[in-house]
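Please keep the sequence and the 3D structure in view while reading.

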Amino acid sequence: MTSSSSSPQLPAIPLPHPQVLLPNGKLSLLVSRNVGDRLLSLVEGSGEPTIVAAVPIVTPHTGASDPVLSDYGVSARVIRLGLSSTNSEEHAYYLTIAGLARIHLPHGLHLTADQLKTFTPCAVEYPSSGTVPTRTTLEATKTAALNLLDKLAKSGPRKDYWYRMTRFVDGIDNSRIVWLADAMASAVDTEFNDKLGEPLLRSPSRVKSLTVFHATA
């Protein structure tokens, strides 16, 4: 993947496996006192939104080895930060973040288990915005999304919500097709590797395979 620009370093928020945040999605998690205190100082010390790098841990926690973090994540805005009901140092704050855009960590993020509780900055790159999926990919993705939404509306709760999503998908153009795939993956239960979606970062034209998987799963 090439990058169009590099941002200043962002504070890294490792996401416990199997949590993944996607653009336009929201995620709540507990963070350590160290991380929460530092985030609170950023929130209170600036009139601008506080942006972090939400980076998934790709391996389940076993306690026997250090975590492995993805080289990809999402820039995210802090929308809520407060003390949790626990008194533990490890889970002192309750944090809610909203995904903004996919990011690449060109140097990776290598943390020990103890460093997960610290406030670590990381360099990030944003993907190029110059590649637009083809019309064929757009139509195939919209068809798969509409099929999935129809099944969801017929098989469970939130029927009105899924039908509203159907009307929205009808109006999507190919400039927002990757956004559509992310939104669909956020809305339904999917496998960890599919939510991680690394192929989308390297080639937006492969968005069809992700959505088709969700439609047939």
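## A buried serine

Ser70 has a relative accessibility of 2% and therefore counts as buried, where buried means under 20% relative accessible area, exposed means over 50%, and partly exposed covers what lies in between (1.4 Å probe, protein chains only). Ser70 is found in the loop between strand 4 (51-56) and strand 5, and its side chain reaches the backbone nitrogen of Tyr72 at 2.9 Å. A polar contact is a pair of N or O atoms within 3.5 Å; within protein, one of them must be able to donate a hydrogen and the other to accept it, and residues adjacent in sequence count only if both atoms are side-chain atoms.

## How the model is read

This is a predicted model, in which local features need pLDDT of at least 70 and side-chain atom pairs count only at pLDDT 80 or more, while totals for chains, interfaces and linings use all residues. Residues are numbered from 1 along each chain as its sequence is written, and side-chain values use heavy atoms, with hydrogens and water left out. Helices (H or I, at least four residues) and strands (E, at least two) are DSSP runs, numbered from the N terminus.

## A salt bridge between a loop and a helix

How many salt bridges does a search of the whole structure find? The search finds three, a salt bridge being a side-chain nitrogen of Lys or Arg within 4 Å of a carboxyl oxygen of Asp or Glu.

One of them joins Glu89 to Arg33, with the closest N and O atoms 2.9 Å apart. Because Glu89 lies in the loop between strand 5 (72-83) and strand 6 (93-104), whereas Arg33 lies in helix 1 (residues 33-45), the pair ties together parts that are 56 residues apart in sequence. Glu89 counts as exposed at 51% relative accessibility, while Arg33, at 26%, counts as partly exposed.

Arg135 forms a salt bridge with Glu139, and their closest N and O atoms are 3.1 Å apart. Both residues belong to helix 2 (residues 135-155), where they are four residues apart, or about one turn of the helix. Arg135 is exposed at 56% relative accessibility, and Glu139 is partly exposed at 32%.

Asp150 and Lys154 also meet through their side chains in a salt bridge (3.1 Å, N to O), and they too lie in helix 2, four residues apart, about one turn of the helix. Here Asp150 is partly exposed, with a relative accessible area of 31%, and Lys154 is exposed, with 62%.
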